[in-house]
Amino acid sequence: MANEEDDPVIQEIDVYLAKSLAEKLYLFQYPVRPASMTYDDIPHLSAKIKPKQQKVELEMAIDTLNPNYCRSKGEQIALNVDGACADDSSTYSSKLMDKQTFCSSQSTSNTARYAAALYRQGELHLTPLHGILQLRPSFSYLDKADAKHREREAANEAGDSSQDEAEEDVKQITVRFSRPESEQARQRRVQSYEFLQKKHAEEPWVHLHYYGLRDSRSEHERQYLLCQGSSGVENTELVKSPSEYLMMLMPPSPEEEKDKPVAPSNVLSMAQLRTLPLADQIKILMKNVKVMPFANLMSLLGPSIDSVAVLRGIQKVAMLVQGNWVVKSDILYPKDSSSPHSGVPAEVLCRGRDFVMWKFTQSRWVVRKEVAAVTKLCTEDVKDFLEHMAVVRINKGWEFILPYDGEFIKKHPDVVQRQHMLWTGIQAKLEKVYNLVKETLPKKPDGQSGPAGLLSGDQRVQVAKSKAQQNHALLERELQRRKEQMRVSEVLPGVRIKEEPMSEEGEEEEERDAEEDEEPMDTSLGGLHSRLANGLPSGRAAGGDSFNGHPPPGCASTPVARELRAFVEATFQRQFVLTLSELKRLFNLHLASLPPGHTLFSGISDRMLQDTVLAAGCKQILVPFPPQTAASPDEQKVFALWESGDMSDQHRQVLLEIFSKNYRVRRNMIQSRLTQECGEDLSKQEVDKVLKDCCVSYGGMWYLKGTVQS
């Protein structure tokens, strides 16, 4: 109490935080100068700045009339720098060193503890500093003088040489081409000092205008150092609790800090975690745990969290594998990052990890050597992928780390269906990138059929026998179908039935569709004739149209049919030509964007999709693919929008008729055919438009979109 009486409070000052210049205020530290001189008294000739590097360059005039200035030395420096002849490019146009350049360097990288203070009318206004720069004299003019000196010496040596010296012999020049730069070499080059210096030099200078201390513009800008609102609402940063003020005034001793356990920088307590938004909580948990059942995630987030919101958030950062959630690859390997082991970019790492995740959707076991052979990644990267989601078993391989979660699969079928669609799209991408033999995902969505295990030798023999019996049954049905077609062609010679290769997948799909339809086959001659019009079922042929058709009456009135029809019409309005394979891929992406429980999740067969396409004003183009084509049956089914209601319909129809007889066509043939059918006034822009809508160019030839095989 006695000490407090000896040191009474004289005055209380209100402190305000001004933010108007918080991102623009710099502090310049000049060299030592006489106390009687201010830098405002020295004329500033020019100023320029590089904002990204926080680098400033100032030019200030030198008082050549000062008695302390050595005029002879100034003239000598100007002569060494510019030479005897002065021109517009001279550094010192007055033939006297009359100015000096100052360049800046950062005195500290952390300016959070510094602010500029302005005291006015009993109030203290603080503005945070954006940067603190030290200005030092630049002696770049000496480099210019050395360059002039070297030029003069080279000129003298050239003058002393004999004028009659014979011309040098012609020398042979060998041209060498540099090898392609590897990813590791590029990373080293980008991080090199020379590359960084070059990037700094490429940043342009921004020229500034200097205003003196007594200038009206300076006085106007100085007003921004005052807090604009003094009500205290905008200055909550300066309001701290008593405990925080006490901690600032009396920080703990180093011994006490040393006794406290130090937590890792990447560890976040559950109390801190629950202060974040729900999406950030899910992302942080999945990024650290990597694999987690949904029940465990709900227990970590707390009982008050809505499970629907968690389901919506988990699908943004994780994928469903065997009923459990595995964090997405782009969360672990963000863009512009690289592997710490091999240096490969994040895109390649994400693709390899997606392949591992996809393999675990097929089986509980993965062999590391097989993954490395397909992805072409180093052993350490593949091992990291597997350690994220599996455990190694001796003489067996890597087993998925968590048991199959059948309870989640049964409880959330809409989420499972959506994830299944996403995995279908990922599988198609992986097959194209890694040139895999096409494998279909299980008939049921991921995890519905239960966990898969290793098969013994006897089990494999039994599976092989059952497959052989199934193939034999398929061949028998195929033979009966061909006999039936031959019998029909004899009875109805004017009817032509389109034959398509039937794969095992196609047979299974046809059997499923037949089971869904459950319609008895009409064996009468009239019924047979009505079913075989245009090779489509009854009700699917429209008038005399050889390709187009309509779905059975009544099906367009269902919500599923309306939604499917809307998707097909919108898709073909954007892309006039699509193969069945590409249309299915776009449909799977459309399903993935729909909310859970949407009507389209009820199941859409390939036949239903094709019927809807034909009913939406599209036609199937029978492109004559070459015999050696690698295109699948779905890629050989090409559909095109026949009438869209615009001026290009006639041009597009002529083009599609050309491709119904030719697999690839030259542009001059298309041009001549369009001119013949549409008239001589057809412009180049109209031809380019129809080609852009329907075709792609490859190797000087034009193909329908989706039919060219690279």
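**Close-up views of a predicted model**

**View 1. Phe572 is buried in this predicted model, with a relative accessible area of 1%.** Since the cut-off for buried is under 20% relative accessible area, Phe572 falls in that class. The residue belongs to helix α22. Leaving aside residues up to four places away in sequence, Phe572 touches Leu578, Leu583, Val613, Cys618, Phe639, Ala640 and Leu641. Gly617 lies 45 residues from Phe572 along the chain, and their C-alpha atoms are separated by 9.5 Å.

**View 2. Helix α22 crosses helix α24.** Helix α22 spans residues 559–574 and helix α24 spans residues 606–615. Their axes come within 9 Å and cross at roughly 60°, which means that α22 is oblique to α24. The crossing of α22 past α24 is right-handed.

**View 3. Side by side, residues of α22 and α24 make contact.** From α22, the residues involved are Leu564, Arg565, Val568 and Phe572. They meet Met608, Leu609, Thr612, Val613 and Ala615 of α24. By class, the residues of this contact comprise seven nonpolar, one polar and one charged.

**View 4. Strands β19 and β20 form a hairpin.** Strand β19 covers residues 695–698 and pairs with β20 in the antiparallel sense, over four bridges. Two residues lie between the strands, and Gly699 in the turn has a positive phi of about 65°.

**View 5. Strand β20, residues 701–704, is covered on both faces.** In a regular strand, side chains alternate between the two faces of the sheet. Met701 and Tyr703 are buried on one side of β20, and Trp702 and Leu704 are buried on the other.

Note on methods. Residues are numbered from 1 along each chain as its sequence is written. This is a predicted model: local features need pLDDT of at least 70, side-chain atom pairs count only at pLDDT 80 or more; totals for chains, interfaces and linings use all residues. Side-chain values use heavy atoms; hydrogens and water are left out. Axes are lines fitted to C-alpha atoms, for helices over the stretch in contact, and angles run from 0 to 180 degrees between N-to-C directions. Angles under 35 degrees count as roughly parallel, over 145 as roughly antiparallel, 65 to 115 as roughly perpendicular and the rest as oblique. A crossing is left-handed if the near helix is turned anticlockwise from the far one by less than a right angle, and right-handed if clockwise. Contact means heavy atoms within 4.5 Å. Ala, Val, Leu, Ile, Met, Phe, Trp, Tyr, Cys and Pro count as nonpolar, Asp, Glu, Lys and Arg as charged, and the others, Gly among them, as polar. Buried means under 20% relative accessible area, exposed over 50%, partly exposed in between (1.4 Å probe, protein chains only). Two strands pair if DSSP finds at least two bridges between them.
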